[in-house]
Amino acid sequence: MFSSLKTQTYHDPASRGPGSHTIRTIAWNPTGHLIATGSADRTLRIWNPEKPQVKNSTELRGHTGAIERVAWNPVKEAELASVSSDGTCKFWDVRSKTCVETVQLGGEGLTISWSADGSAVLVGRKDDTLIPISLPTYTASSPLPQATQTNQTLFAPSTPPNTILLTTGTGSVVIATYPTLSPLHTLYAHTSSCSTLALSPSGRYLATGGSDALITLWDTTDWVCRRTLGAMVGSVRSVGFSWDGGYVVGGSDEGNGLEIAHVETGEYVCKLETSAPATCVAWHPTRYWLAYSGDAMGLKIVGAAGGTL
């Protein structure tokens, strides 16, 4: 059903040769009017999905290392946070194109998640240390070293934020209190490292992806695994739900194509062919548009060039 959608390419001429401009992270802002990309060559760019020419985009300059992860404030459509291997987390006002705050991490940044009410950010370093940041003061709390490899974090949609989900190198997902990170429950999701996770818009399902090439779907009402999706070729690097929670897709650094599955049945409904492995995937917040990275030409958005379901 998604195969009728047409794909738009967003080429960044800042690319400095093969591989240097690899997009590490993509994220839609809460309204879906903007999408951010962060690359290995330090390029942090904000695109208007309706205008694919780079002249209509905004480059945010300031990082001196690779952009590892970006995240938008869920309640402020123009505030973006970026985490870099340069050891900083920067907060940006994309309207004025300015960095409003820089938080020193004390080590290379790797992951970031933002609470649903916009009051808290949790940054992860490459040495498996987590750093809570409180807003609007941008105050960093004491670093919290983790005993196991911690790949990604995700706030539960509670207000104020009191629960955080952590993916681990052992394949489990730890559900913990926030900000103390006291374990509440453990999901044994994968046989090897669990690298990514996402909650459906309603909060009913949790999707996790691992290096065992599986996506698992968990019912958050009882934390039971309802479905396991096995069409991925390599490690699952990203995972996401469609705006209505009806479909799920994963990104991988192997294979060509994006396999879209129906959440309630686990049935694969469409394979979108890609010219290269699509590592990062991100659904539009209100449309069946699907952004992905991995193509040598840059960001691509399925649906942005037209077509109907």
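The model is predicted: local features need pLDDT of at least 70, side-chain atom pairs count only at pLDDT 80 or more, and totals for chains, interfaces and linings use all residues. Residues are numbered from 1 along each chain as its sequence is written, and side-chain values use heavy atoms, with hydrogens and water left out. The protein chain has zero helices and 29 strands (DSSP runs numbered from the N terminus, with H or I of at least four residues for helices and E of at least two for strands).

**Overall shape and surface**

- Along the principal axes, the C-alpha atoms fill a box of roughly 45 × 45 × 30 Å.
- Of the 309 residues, 56% count as buried (under 20% relative accessible area; exposed is over 50% and partly exposed lies in between, with a 1.4 Å probe and protein chains only).
- The accessible surface comes to about 12500 Å², and 50% of it belongs to carbon and sulfur atoms (Shrake-Rupley method with a 1.4 Å probe; for residues, only the protein chains shown count as cover).
- Among contacts between residues at least 6 apart in sequence, 42% join residues at least 24 apart (contact means heavy atoms within 4.5 Å).

**Nonpolar core**

- The largest nonpolar core has 15 residues, and those with the most contacts inside it are C89, F91, I112, V121, V123 and I133 (a core is a set of buried Ala, Val, Leu, Ile, Met, Phe, Trp, Tyr and Cys residues joined through side-chain atoms within 4.5 Å).
- At least two residues of this core come from each of strand 7 (79–84), strand 8 (88–93), strand 10 (109–114), strand 11 (120–125) and strand 12 (129–134).
- Not counting residues up to four places away in sequence, V123 touches V83, C89, L105, T111, I112, T129, L130, I131 and I133.

- L272 lies in strand 26 (residues 268–272) and counts as buried because its relative accessibility is 10%.
- Outside four places in sequence, the contacts of L272 are F2, S3, G257, L258, I260, L290 and V302.
- L272 and V302 are 30 residues apart in sequence, with a C-alpha to C-alpha distance of 8.8 Å.
- K300 is in strand 29 (residues 299–302), and its 17% relative accessibility makes K300 count as buried.
- Leaving aside neighbours within four places in sequence, K300 is in contact with T7, Q8, T9, Y10, L290, A291, Y292 and D295.

**Backbone exceptions**

- Most residues other than glycine have a negative phi, and most peptide bonds are trans.
- The peptide bond from L135 to P136 is cis, with omega near 10°, and P136 lies in the loop between strand 12 and strand 13 (139–140).
- The bond from Y178 to P179 is cis, with omega near 10°; P179 lies in the loop between strand 17 (172–177) and strand 18 (183–188).
- R42, not a glycine, has a positive phi of about 80° and sits in the loop between strand 3 (35–39) and strand 4 (44–47).
- R42 counts as partly exposed because its relative accessibility is 40%.
- D128 has a positive phi near 65° and lies in the loop between strand 11 and strand 12.
- D128 counts as buried because its relative accessibility is 19%.
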